[in-house]
Amino acid sequence: MTTLITICDTCKRDGWNPYEASQTDGELLAAMVESAAESVAGVETRRHACLMGCSHGCNVAIQSEGKLTYVLGRFAPEAEAATGIAEYARLHAESENGQVPFKQWPLAIKGHFVSRIPTLPNKGI
Ligand code: FES
């Protein structure tokens, strides 16, 4: 099953200056994640405006139907972060329930978890 990376493309980190920057930090990170995930089997990306974590951007969400959802933040728009996010999404896609063992976590995502959201109960909600 596909794991979807949702990247907030409106995140602006502390110090972001609209008079100096032509893109938001989120737009920069989104482009890098899209590139890093492009050839990763079982992983897709999308952009979304504001994941409601503005004070700790840049933010992404990792989701797949029937699996745990993870929200991660405090990323700088850097290639290492993007590669780690794409790799973590690949491991999430390969996992049974979305839980990836700690020892497999890419270094770049450690310390960036914001929340874990359980799957919806299968009660037609
Ligand atoms: S602008 Fe990215 S979480 Fe609000």
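Visitor: Which strands does helix 1 (residues 25-37) lie across, and at about what angle does helix 1 run to strand 1?

Guide: First, the model is predicted: local features need pLDDT of at least 70, side-chain atom pairs count only at pLDDT 80 or more, and totals for chains, interfaces and linings use all residues. Residues are numbered from 1 along each chain as its sequence is written. Helices (H or I, at least four residues) and strands (E, at least two) are DSSP runs, numbered from the N terminus. Axes are lines fitted to C-alpha atoms, for helices over the stretch in contact, and angles run from 0 to 180 degrees between N-to-C directions. Two residues are in contact if their C-beta atoms, placed from the backbone, lie within 7 Å. Here helix 1 lies across strand 1 (3-8), strand 2 and strand 3 (60-63), at about 160° to strand 1. Helix 2 (residues 79-94) lies across strand 1, strand 2 and strand 3 as well, at about 150° to strand 1.

Visitor: In what order do the elements run from the N terminus?

Guide: The order is β-α-β-β-β-α-β, with two helices and five strands.

Visitor: How do I read the sheet, and what is its strand order?

Guide: Strands of a sheet pair through backbone hydrogen bonds, either parallel or antiparallel. Two strands count as paired if DSSP finds at least two bridges between them. This open sheet of five strands has the order 2-1-3-4-5, with mixed pairing. Strand 2 (43-48) and strand 5 (113-117) are the edge strands, each pairing on one side only. On average, neighbouring strands of the sheet are turned by 20° against each other, direction ignored.

Visitor: Which strands pair in the parallel sense over six bridges?

Guide: Strand 1 and strand 2 do. Thr6 has Arg46 in strand 2 as its bridge partner. From strand 1 the chain crosses through helix 1 to strand 2, a right-handed β-α-β crossover. Right-handed means that, with the strands pointing away from the viewer, the path from the first strand over the helix to the second runs clockwise.

Visitor: Do strand 4 and strand 5 run parallel or antiparallel?

Guide: Strand 4 (residues 69-72) and strand 5 run antiparallel, joined by four bridges. Tyr70 stands opposite Arg116 in strand 5.

Visitor: What share of the 125 residues is buried?

Guide: A residue is buried if 20 or more other C-beta atoms lie within 10 Å of its own, exposed if 12 or fewer, and partly exposed in between; C-beta atoms are placed from the backbone. Buried residues make up 38% of this protein.
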